[in-house]
Amino acid sequence: MLYITTDASDFYHRDQECPAFQRGRNASAPNNYESHPIREVSEEETAKMRPCTTCLGET
Ligand SMILES: [Zn+2]
């Protein structure tokens, strides 16, 4: 199972549909900033990161 994140975030998300993830993406849009690229997170990497409480908050 792969999760996603961006380089600007310490959180990982289930997928791009997560509202919290999209809020973060949109936050940079008004200034014409290029959004941080989405990258996949391996299961190993999640150990060093925090789960998004919106889409992965069940733990
Ligand atoms: Zn999320």
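Tutor: A nonpolar core is a set of buried Ala, Val, Leu, Ile, Met, Phe, Trp, Tyr and Cys residues joined through C-beta atoms within 7 Å. Please keep in mind that this model is predicted.

Student: Which residues make up the largest nonpolar core?

Tutor: Six residues do: Y3, F11, Y12, C18, F21 and C52. In soluble globular proteins, nonpolar side chains tend to be buried together.

Student: With which residues is F11 in contact, leaving aside its neighbours within four places in sequence?

Tutor: They are T5, M49, R50, P51 and C52. Contact requires C-beta atoms within 7 Å.

Student: Why is R25 called partly exposed?

Tutor: R25 has 16 other C-beta atoms within 10 Å. A buried residue needs 20 or more and an exposed one 12 or fewer, so a value in between is called partly exposed.

Student: What is the pattern of elements along the sequence?

Tutor: The pattern reads β-β-α-β-α-β, with two helices and four strands.

Student: Which elements have the lowest and the highest mean pLDDT?

Tutor: Helix α1, residues 19–27, has the lowest at 84, and strand β4, residues 50–51, the highest at 96. For the protein, the mean pLDDT is 85, and 81% of its residues reach 70 or more. Where pLDDT is low, the predicted coordinates should not be read in detail.

Definitions and conventions:
Residues numbered from 1 in each chain as written. Predicted model: local features only at pLDDT ≥ 70, side-chain atom pairs only at ≥ 80, totals over all residues. pLDDT = per-residue confidence, 0-100. Contact = placed C-beta atoms within 7 Å.
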